[in-house]
Amino acid sequence: QESGGDRLMARVQIRFDSKTLSKEWKQNLVRMNGYELSYSVRYLHQSLSQLDEFSGAPRGTFGVPISIITYRDRSRVPLIVRHCVEDVERRGLDELGIYRVSGIATDIQSLRAAFDNNSKEAVGHLKDYDVNVVAGTLKLYFRELPEPLLTDELIPSFVAAAAQEDATVKEKEMTSLLSQLPNPNLNTFLYLLKHLKKVTENEPINKMSLHNLATVFGPSLLRVRHEGLPMDVSHEVVAQVQVIYYFLSDDNISLLEQRERLGSVTL
């Protein structure tokens with residue numbers, strides 16, 4: 001940039017091809033007229049039917065990367081998560097089997113479509129739905145994220161850390177892994193944990209223990225891609241539940257305490 005304005009120093013064209021791009025982040029370096037440009041890129045499949053015809057950005061709420069949703073919502077946590085949580089806390093803390101009891105499938109799909117069409121208008125209609133439908137819609141949102149909330153990259157490490165027998169080592173590794181999550185993922189995860197802990201405070205009435213809630217949310221938050229490989233589903237679910245149960249039951253995680261004191265997950 002010069003005093004008279006910007007001046008073009010170099011120009012380069014970069015061709016992206018889904019057949020050669022990887023799902024893992026890959027760093028590249030481009031050299032132009034003595035200058036170097038470093039960038040990282042990875043490929044995530046997105047159906048053309050879900051893209052805005054003008055901007056090319058994904059439309060709707062479901063199946064859209066959480067980083068795009070939080071940017072579009074101008075919020076640390078997706079609006080759908082925040083408002084569904086608030087509605088459950090307003091009407092569902094005393095509901096027997098909240099999150100375990102399924103809402104009516106057609107109503108869940110109706111609310112899903114409402115959020116995909118206009119999130120802000122959908123919020124106004126939450127009260128018209130049974131609270132189990134709202135809870136089911138929240139679970140569906142996490143299941144349909146293109147990448148699980150705890151990310152494809154970190155899930156194997158979370159599972160390994162949760163299996164550690166040494167409590168000190170386990171806490172250190174789990175806290176370290178949390179700090180590696182992208183901010184939208186971390187803020188949303190902490191917000192959800194805080195909510196689920198509030199749900200279990202009413203366990204004598206709603207019968208939802210920490211383990212019950214971990215069992216409900218574990219497979220969605222730590223969804224694993226198998227891509228045709230053989231798998232032991234029962235072992236996998238146990239590992240997923242262990243991770244979520246650890247975070248729900250451990251009140252001494254310094255990162256959680258620090259972020260909550262700063263109010264970073266309070267919207």
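Leu 37 is partly exposed, at 37% relative accessibility; buried here means under 20% relative accessible area, exposed over 50%, and partly exposed in between, with a 1.4 Å probe and protein chains only. Leu 37 sits in strand E2, residues 35-41. Strands are DSSP runs of E with at least two residues, helices are runs of H or I with at least four, and both are numbered from the N terminus.

Before I go on, a word on the source. This is a predicted model, where local features need pLDDT of at least 70 and side-chain atom pairs count only at pLDDT 80 or more, while totals for chains, interfaces and linings use all residues. Residues are numbered from 1 along each chain as its sequence is written, and side-chain values use heavy atoms, leaving out hydrogens and water.

Back to Leu 37. Together with Ile 14 and Phe 16, Leu 37 makes a nonpolar surface patch of about 250 Å². A patch takes residues with over 30% relative accessible area and no salt bridge; nonpolar side chains (Val, Leu, Ile, Met, Phe, Trp, Tyr) are joined within 5 Å, like charges within 9 Å. The areas come from the Shrake-Rupley method with a 1.4 Å probe, and for residues only the protein chains shown count as cover.

Now the whole chain. The chain has 12 helices and 2 strands. Along the sequence the pattern is β-β-α-α-α-α-α-α-α-α-α-α-α-α. Of its 267 residues, 42% count as buried.

Helix H5 covers residues 131-143, so to speak of its length: 13 residues, reaching 19 Å from first C-alpha to last, close to the 18 Å expected at 1.5 Å a residue. The expected span is 1.5 Å times one less than the number of residues. How many of the 13 residues of H5 are buried? The count is 12 of the 13, so H5 is largely enclosed by the rest of the structure. Among them are Val 131, Asn 132, Lys 139 and Tyr 141.

Helix H3 also has 13 residues, and reaches 18 Å, close to the 18 Å expected. In H3, Ile 108, Leu 111 and Phe 115 are buried. Seen down the axis, the buried residues of H3 fall within an arc of 65°, so they line one face of the helix. That arc is taken from the directions from the helix axis to the C-beta atoms. The face turned away from the buried side carries the exposed residues Thr 106 and Asn 117.

On to the rings. A pair of aromatic rings is described by the distance of the centres and the angle of the planes. Rings of Phe, Tyr and Trp (its six-membered ring) pair if their centres lie within 6.5 Å; planes under 30 degrees apart are stacked, over 60 edge-to-face, and the rest tilted. That rule gives 6 aromatic pairs. One of these is Tyr 99 with Phe 217, edge-to-face, at 5.1 Å centre to centre and 70° between the planes. Tyr 99 lies in the loop between H2 and H3 and Phe 217 in helix H10, so the pair ties together parts that are 118 residues apart in sequence. Tyr 99 is buried at 0% relative accessible area, and Phe 217 is buried at 1%. Another pair is Tyr 141 and Phe 142, edge-to-face, at 5.5 Å and 65°. Ring pairs also link Phe 158, Phe 189, Tyr 246 and Phe 247 into a cluster.

Tyr 99 comes up again for its backbone. Most residues other than glycine have a negative phi. Tyr 99 is not a glycine, yet has a positive phi of about 80°. Arg 74, also not a glycine, has a positive phi of about 55°. Arg 74 is in the loop between H1 and H2, and is exposed, at 80%.

Last, the charges. A salt bridge is a side-chain nitrogen of Lys or Arg within 4 Å of a carboxyl oxygen of Asp or Glu. There are 6 salt bridges by this rule. In one of them, Asp 87 meets Arg 90 at 3.1 Å, N to O. Asp 87 and Arg 90 are 3 residues apart in helix H2, about one helical turn. Which of the two is buried, and which is exposed? Asp 87 is buried, at 1%, whereas Arg 90 is exposed, at 59%. Asp 87, Arg 90 and Arg 91 are linked in a network of salt bridges.
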